[in-house]
Amino acid sequence: MDNTIDTADTAVKRGRGYWFVDGFTELLAGVLFVLLGGALLARALVPQDSFLSRFMGIVGDVSVIKVLGFFVAIALLSWLKDRFTYPRTGFARGKRVTLAELAVFVRNIFLLVILPLLACAAVFILIPDARVALFSMPAWLPGGLGVLWVVLSWVAAERMGLPRFRWLGAGMLVAGLAVGAWQWAAGFPVVPVEALHADLMGPLPEVLRAPLEETVIRLYISLGVLIVPVGVLFAVSGLITFLRYRKENPVPYTEES
Amino acid sequence: MSAPLSQLSDLDRVIHEPARLVLVALLSSVESADFLFLLKESKLTKGNLSVHLSRLEEAGYLKVEKTFRGKIPHTEYRLTPKGRSAFDQYRASLGSIFDPKKGRV
């Protein structure tokens with residue numbers, strides 16, 4: 001009887017994880033990550049005329065890749081699944097999100113992302129000395145992302161019964177911590193504390209201009225160095241999953257098979 | 001009869017059958033699915049699968065929908081609210097009889 005509970009749980013998880021059965025999603029996400037990380041690295045390393053133009057360039061590139069990449073990936077995924085996956089192992093329509101589930105999702109995003117961000121912003125606004133933490137962002141942001149990704153991956157692995165997501169999460173954590181440690185070891189720009197007390201709405205103090213520019217460039221380098229290998233990891237995982245799926249389901253299903 | 005044993009005898013017989021339990025569990029995690037998906041995931045034979053799907057439909061737990069995917073006719077199976085509620089209730093009943101954290105009854 002206890003086995004009955006396991007059987008039901010396994011079946012529920014298989015249904016939830018069916019979208020990832022063929023590896024296409026990881027493969028495309030991996031390619032997208034590599035493009036995104038590459039854009040960040042290129043923008044940070046290629047000299048530009050001004051700091052502002054470089055900054056706007058990064059924002060532009062990243063947004064275009066994200067928005068375009070997202071829609072292209074969705075269209076490509078549907079096309080691939082229609083022609084490859086559904087004829088082999090069938091079609092399952094993803095569960096619709098109910099209003100109650102959406103409310104829980106929004107609440108969790110608010111509690112886990114928006115609220116901490118607002119708290120950080122409040123700390124930076126109210127405590128001028130805390131603004132020095134901004135200059136160590138190239139170290140703690142990749143580490144923090146690694147931790148966030150491992151938590152999300154492990155939750156997904158548990159909900160969908162996909163052990164490979166645990167390995168992906170572990171890989172992302174290691175990559176995040178490694179990039180963070182690398183940036184930490186490289187040291188941070190020296191910032192005069194009194195300059196941090198400058199009026200936030202006023203002009204940027206000259207003494208902060210160079211450290212800020214260095215921090216922004218290093219931030220994009222560290223994010224690029226983090227995102228590219230994570231993308232490669234996703235792509236490799238997707239490729240292995242795809243090859244395994246193809247081996248198990250070499251031809252589309254027919255009445256005779 | 002003790003409380004857990006009485007709960008055991010009250011279990012939904014339609015869902016309690018292992019093959020149907022797998023089908024209902026699979027359908028509970030998606031909006032709808034086609035015959036091939038259920039066939040591959042349940043590893044039942046086509047005949048067996050048809051019989052169990054009919055049984056679930058008769059019980060009002062399942063709805064069969066004829067749709068089109070592109071120009072190709074497509075049959076999809078979807079749990080009805082009654083079916084979803086029966087599955088939730090079944091899991092809750094099993095969970096209260098067998099609590100893995102506290103050991104077996």
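Two residues are in contact if their C-beta atoms, placed from the backbone, lie within 7 Å. With that rule stated, I turn to the structure shown above.

This is a predicted model, in which local features need pLDDT of at least 70, side-chain atom pairs count only at pLDDT 80 or more, and totals for chains, interfaces and linings use all residues. Residues are numbered from 1 along each chain as its sequence is written, while chains are lettered from A and ligands numbered from 1 in the order in which they are written.

I begin with chain A. Its secondary structure comes to 8 helices and 1 strand; helices (H or I, at least four residues) and strands (E, at least two) are DSSP runs, numbered from the N terminus. In sequence order the pattern reads α-α-α-β-α-α-α-α-α. The C-alpha trace of chain A spans about 75 × 40 × 35 Å along its principal axes. Of the contacts in chain A with a separation of 6 or more, 79% are between residues 24 or more positions apart.

Chain A has 257 residues, and 26% of them count as buried. A residue is buried if 20 or more other C-beta atoms lie within 10 Å of its own, exposed if 12 or fewer, and partly exposed in between, with C-beta atoms placed from the backbone.

One residue illustrates this scale. Ser136(A) lies in the loop between helix H4 (99-126) and helix H5 (137-160) of chain A. Is Ser136(A) buried or partly exposed? Ser136(A) is partly exposed, because 17 other C-beta atoms are within 10 Å. Its C-alpha atom is separated by 9.0 Å from that of Leu219(A), 83 residues apart along the chain.

Next, the contact between the chains. Chain A contributes 20 residues and chain B contributes 21 residues. On the side of chain B that touches chain A, the elements giving two or more residues are helix H3 (18-28), strand E1 (32-34), helix H4 (35-42) and helix H6 (81-97) of chain B. H3(B) gives the most, with 6 residues.

Strands also link the two chains; two strands pair if DSSP finds at least two bridges between them. Strand E1 (residues 92-93) of chain A is joined to E1(B) by 2 bridges, and the two run antiparallel. Here Ala92(A) stands opposite Ala33(B).

Finally, within chain B, strand E2 (residues 62-69) and strand E3 (residues 72-79) pair in the antiparallel sense over 8 bridges. Thr67(B) has His74(B) in E3(B) as its bridge partner. The hairpin of E2(B) and E3(B) has 2 residues between the strands, and Gly70(B) takes a positive phi near 75° there.
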